[in-house]
Amino acid sequence: MSLNPAQRAAVEHCDSPLLVLAGAGSGKTRVITQKIQHLIVNRRMPASKIAAITFTNKAAREMRERAAALLRGVDSEGLTVCTFHSLGLNFLQIEHEAAGLRRGFSIFDSDDSGALVKDLMPRGAKGPDIAAIRGLISRVKSDGLTPERAAELATSPREREAADIYGQYQKRLAAFNAVDFDDLIRLPVHLLDAHEHLREAWRERLRYLLVDEYQDTNGTQYALLKLLAGPRGGFTCVGDDDQSIYAWRGADTANIERLGQDWPQLRIIKLEQNYRCARRILRAANTIIANNPHLHPKKLWSDHAEGEPIRVFACNDNEQEAERVAAEITFLAHKHKAEWSAFAILFRGNHQSRALEKALQLQRIPYHLSGGTAFLERAEVKDALSWLRLLANPDDDAAFLRAVAAPKREIGATTLARLGEMANALHLSLGRAAERPDVLGQLPARSANALDGFISLVSRLRRAAAMMTAGDLCRKLVQDTGQLAAIRSECKDDALFERRRGNVDELAQWFDAAGKGSSGDLVAQLALLTNADRDSPGNAVRLMTLHASKGLEFDFVFIVGVEDGLLPHESSIDEGRIEEERRLMYVGITRARRVLHLSYARHARRFGEIVRVTPSRFIEELPAAELHFVGRDAEQDAERTQEHAGAAIARLKALFGE
DNA sequence: GGTGAGCTTCTTTAC
DNA sequence: GAAGCTCACC
């Protein structure tokens with residue numbers, strides 16, 4: 001557990017701002033967690049004044065666990081380990097008044113804000129247009145621009161349109177008592193900038209900041225860091241420009257340079273010894289990343305063993321690829337007597353997990369799919385959540401629109417459109433408008449009755465909500481709203497019904513576990529969560545995107561779909577963002593401790609058609625001497641039958657336990 | 001107002 | 001090849 005000199009220096013340097021340029025596998029999490037310990041134990045800083053900030057929930061969770069293990073016996077009460085977004089949410093929940101928000105405000109997720117943008121665009125706007133406008137709005141928001149400023153800076157008709165819609169969008173959000181993901185950073189920045197008393201209070205509250213994956217900060221996140229740290233600069237930023245893979249959501253590696261400009265007393269420490277990868281793997285990683293330009297050249301080295309050659313599997317299609325990966329995992333697990341959790345399968349896009357899951361199920365290999373929001377995307381979970389949101393925030397129109405149809409209660413598009421018009425005219429939210437007799441009076445009796453019934457159900461549940469925990473409320477409302485009954489009648493067989501009811505149960509249990517806080521506050525926190533953090537993965541093969549894998553490490557790593565068009569991704573090729581794709585490949589390679597497998601398919605289904613695909617250009621960039629190709633040439637057929645036999649044997653072994 | 005057949009469109013990555 | 005959307009029908 002001892003630190004090398006550079007790591008030690010990074011841990012002990014607390015008197016001026018510090019930037020740690022940490023190569024992959026150089027022990028940066030260890031530096032951060034030990035530094036937390038150092039601050040508490042040697043510098044006598046209360047844990048409650050320290051915040052470690054990460055970018056993904058997964059990273060936060062990992063950090064929290066590692067810190068807890070290290071801090072056993074140390075008073076670490078009140079230590080903050082969270083993402084930028086949850087820090088922002090926490091800030092807004094405390095300072096909601098200054099932000100012009102009422103208690104119980106909602107968070108609009110991507111779906112909600114997409115629907116809102118669509119609503120604000122001319123009728124008949126197409127999907128891609130909506131997505132483009134949304135992207136532009138998000139971009140100007142994470143650059144910290146106001147709608148007015150965005151309009152001034154717009155250089156194309158589309159940007160002007162986006163700036164215009166951005167303005168209306170913010171007004172709607174304010175009316176809904178809601179914020180979106182970008183606001184979680186943008187609003188705290190705005191408030192800290194505008195109010196000296198808030199600045200002082202929060203600088204006192206958070207005396208020391210540790211920012212992980214610093215290369216991924218965007219404009220507003222940098223502004224937040226700057227405002228919270230102040231001129232004193234009580235912070236350590238840890239980053240690696242070679243692992244910058246979030247430029248598409250506004251991350252700017254120029255923020256690395258900015259630190260030295262804003263804090264001239266900044267100290268920089270480089271960590272260049274890799275403790276993770278076998279040498280061959282590290283050589284491959286270094287070779288491929290050498291194709292990118294560098295501002296801070298670093299030379300990563302390792303004193304580990306050489307390790308095995310990197311195997312490259314050529315397959316016919318992604319089903320065969322998945323089968324082979326699964327067979328190989330079974331084989332390696334037996335050979336090395338390894339736990340399933342020592343294996344990870346990494347891919348570019350979430351949809352690639354399907355074929356893999358199928359193959360793993362078939363071969364009886366336990367797996368855990370992390371990342372994505374599959375759980376929260378489930379219809380029954382979204383329905384229950386929209387009810388919770390509406391109960392906490394009567395002005396949440398997005399929640400109203402979903403809850404009103406969960407289950408169906410004879411209130412359809414026509415009625416809602418009429419209600420919407422009247423609500424707009426009265427400057428009221430849908431929920432408030434539907435409470436008013438004069439509004440209901442203008443609707444056909446049948447619709448008015450249905451709405452009235454809905455509203456009284458809402459107010460009854462809202463009264464009940466005040467007296468129960470969020471978990472109990474969740475269980476009660478699926479009963480009382482008729483959701484459970486609707487699910488039962490929709491489900492053909494009992495097993496399906498049980499599974500869907502189980503999802504709702506799980507939601508309630510999440511609230512039970514989350515403990516303190518009003519249901520409104522907890523629902524907001526849940527909006528920031530992805531599947532990744534829901535349950536502990538246990539002893540299972542990990543499936544995740546390359547993006548989600550950053551910061552993690554595994555003995556055995558399989559990167560699948562190493563094809564031109566996927567990795568590098570088609571749109572990144574078109575738009576000349578090949579360097580970021582290369583960094584993504586680099587991140588994937590450097591996750592592996594002992595064994596690295598790459599694979600690609602020669603054919604892929606696209607738009608239902610089967611098309612030929614070429615292996616990724618990144619395979620060419622790897623040092624040929626380190627690679628061992630399987631199935632690339634004429635011997636491919638012979639190999640394949642062998643593999644199939646191997647897979648069959650492995651399956652039998654799995655079935656009968658040897 | 002609700003439902004299902006047939007049409008289109010889509011495919012990045014995350015909070 | 002799936003999910004969303006539109007339109008006709010109950």
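Tutor: What follows looks closely at the surroundings of the DNA strand and then moves on to other parts of the protein. The model is predicted, so that local features need pLDDT of at least 70 and side-chain atom pairs count only at pLDDT 80 or more, while totals for chains, interfaces and linings use all residues. Residues are numbered from 1 along each chain as its sequence is written, chains are lettered from A and ligands numbered from 1 in the order in which they are written, and side-chain values use heavy atoms, with hydrogens and water left out.

DNA strand B is surrounded by 30 residues, of which the closest are Pro128, Arg348, Asn350, Arg577 and Phe607; a residue is near a strand if one of its heavy atoms lies within 4 Å of it. By class, this surface has 9 nonpolar, 15 polar and 6 charged residues, where Ala, Val, Leu, Ile, Met, Phe, Trp, Tyr, Cys and Pro count as nonpolar, Asp, Glu, Lys and Arg as charged, and the others, Gly among them, as polar. On the DNA side, 50% of the atoms within 4 Å of the protein belong to sugar or phosphate, and the rest belong to bases.

The side chain of Arg577 has an N or O atom 2.6 Å from a base oxygen of DNA strand B, and a polar side-chain atom of Trp248 lies 3.2 Å from a base oxygen.

Helix 19 (residues 413-426) gives the largest share of the surface near DNA strand B, with 3 residues; helices (H or I, at least four residues) and strands (E, at least two) are DSSP runs, numbered from the N terminus. The loop between helix 19 and helix 20 (430-434) holds His427, which has a positive phi of about 55 degrees although it is not a glycine. His427 is exposed, because its relative accessible area is 72% (buried means under 20%, exposed over 50%, partly exposed in between, with a 1.4 Å probe and protein chains only).

A second residue with this kind of backbone is Lys337, whose phi is positive at about 50 degrees although it is not a glycine. Lys337 is found in the loop between helix 14 and strand 10, and with a relative accessible area of 74% it is exposed. Trp340 also has its place in the loop between helix 14 and strand 10. Leaving aside neighbours within four places in sequence, Trp340 is in contact with Ile329, Thr330, Ala333, Ile365, Pro366, Asn539, Ala540 and Val541, contact meaning heavy atoms within 4.5 Å.

Helix 15 (residues 353-362) has Ser353, Ala355, Leu356, Glu357, Ala359 and Leu360 among its buried residues. The buried residues of helix 15 pack against helix 14 (318-336), strand 10 (343-347), strand 11 (367-369) and strand 12 (541-545). Just after helix 15, Arg364 takes a positive phi of about 55 degrees.

Elsewhere, Gln483 is found in helix 24 (residues 483-490), and at 4% relative accessibility it counts as buried. Setting aside residues within four places in sequence, Gln483 is in contact with Glu380, Asp383, Ala384, Trp387, Ala406, Pro407, Leu477 and Val478. The side chains of Gln483 and Thr481 are joined by a polar contact of 3.2 Å, that is, a pair of N or O atoms within 3.5 Å; within protein, one must be able to donate a hydrogen and the other to accept it, and residues adjacent in sequence count only if both atoms are side-chain atoms.

Glu626 counts as buried because its relative accessibility is 8%. Its side chain makes a polar contact of 2.7 Å with the side chain of Arg283, and, not counting residues up to four places away in sequence, Glu626 touches Arg280, Arg283, Pro309 and Ile310.
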